[in-house]
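This report describes a ligand site and the nonpolar cores of one model. The sequence and structure come next, followed by the description.

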Amino acid sequence: MGGQERRKVIFDTDIGWMNDDCTAAMFALLAPELDVLGITPVMGNFDLNWSMACALRLIEILGRADVPVCRGFDRPLLHERDPYADRVWGKWATFEEVTSFPAGMPALQPDPRHAVEFIAESVRRYPGEVTLLAVGPLTTVAIAIRQYPEIIEQVQEVIIMGGAISTLPRGHGNITPAAEFNFWVDPEAARIVLRSGMPITLLPMNVCRQTSFARETFNRLTAPTSAHPAAARLIHDYLLRNFEDPAFDRENARLYYGMYDHTVVGYAINPGLYRSIDMNVDVSVIPGPDYGVSYGYEKGPYVSGVDRFPLEDGSQAIRVVYDLDFPALVEMYVRALTGAH
Ligand code: RIB
Ligand code: CA
């Protein structure tokens, strides 16, 4: 970074073993532009016990035991797990103890502080300097806001992967027809965060759908010349199977689920690679088919300055990213993971 100060970030994540959260965490931990103050796992893709084990084992393998891992919330504020959630990918609140782990059980222990305390402490310690990278359900961030409202003014930025904006291209849902997973798991939390007044940048499904994980990227990440052999080995040992899966699209040599949460890390490093607009965004908390659906609108095109639109009551304008230079994001990722600077 040529002597430039590294950007202080906290990685709030529903991490699983070598899922996109996990490889995005590797990206953040190894990027020389970022200073990861801590990782705060939250339930979502998996039960929190599993996510804690994943984060601890990851930093152990990468030799980054200096990074605290603080336990976040193990269930959404209101949303109960049900058979639909189980079927479509919602394993939060199973509370199963982790007794074995693919890469060996972590010996490292979690930091004793709760994620909420850790976030508040860090933001207060470095006012205006800490950015939250939120790539899972927003439960912990919402409680931190409620418990320590002073962080609203003191946080530098909150960069969120969540939601799907139907008024922009590629804005359909991925867990219900219109809802995106992170917001749907805890819509009430998402609403608290979006309405908090914090400086928010949102990377919704619209932009994540422009990413993929290519075989060529895999090959570069696992090159024997990598300066981070532990990272290269993890990618090789756990992601190779994706390319051997019969469902893999060999013709296009791409996997379509692989770099969603990386968009947030890339934005923290170089927002110049992305295009965004200001929109009012809110989340429906009405039970039924609309639960967890995010809505975004620009005041000009959709709503006149005189008429009030229901979303205006409490929603705020945030920055919504709708486009990115994906090849440049891949370059940043490869550079971070292989140390090729
Ligand atoms: O909906 C996409 C989000 O949920 C991403 O954060 C990804 O990790 C998935 O689990
Ligand atoms: Ca995630």
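## The shell around ligand 1

The shell around ligand 1 is made up of six nonpolar, three polar and four charged residues. Here Ala, Val, Leu, Ile, Met, Phe, Trp, Tyr, Cys and Pro count as nonpolar, Asp, Glu, Lys and Arg as charged, and the others, Gly among them, as polar. In total 13 residues surround the ligand, the closest being D20, N45, N174, E180 and D261; a residue is near if one of its heavy atoms lies within 4 Å. Helices α1 (20–30) and α7 (181–185) each supply at least two residues of this shell; helices are DSSP runs (H or I) of at least four residues, numbered from the N terminus.

This is a predicted model: local features need pLDDT of at least 70, side-chain atom pairs count only at pLDDT 80 or more, and totals for chains, interfaces and linings use all residues. Residues are numbered from 1 along each chain as its sequence is written, chains are lettered from A and ligands numbered from 1 in the order in which they are written, and side-chain values use heavy atoms, with hydrogens and water left out.

## Polar pairs and burial

Oxygen atoms of ligand 1 lie 2.6 Å from a polar side-chain atom of D261, 2.8 Å from one of D21 and 3.0 Å from a side-chain N or O atom of N182. Taken alone, ligand 1 exposes 280 Å², of which the protein buries 97% (Shrake-Rupley method, 1.4 Å probe).

## Nonpolar cores

The largest nonpolar core has 82 residues, and W17 and L58 have the most contacts inside it. Helix α14 (residues 326–338) gives this core its largest share, nine residues. A core is a set of buried Ala, Val, Leu, Ile, Met, Phe, Trp, Tyr and Cys residues joined through side-chain atoms within 4.5 Å, buried meaning under 20% relative accessible area (1.4 Å probe, protein chains only).

A second, separate core of 39 residues includes V116, A190, L194 and I318.

Methods:
Polar contact = N/O pair within 3.5 Å; in protein donor to acceptor, adjacent residues only side chain to side chain. Buried < 20%, exposed > 50% of the residue type's maximum accessible area, 1.4 Å probe, protein only.
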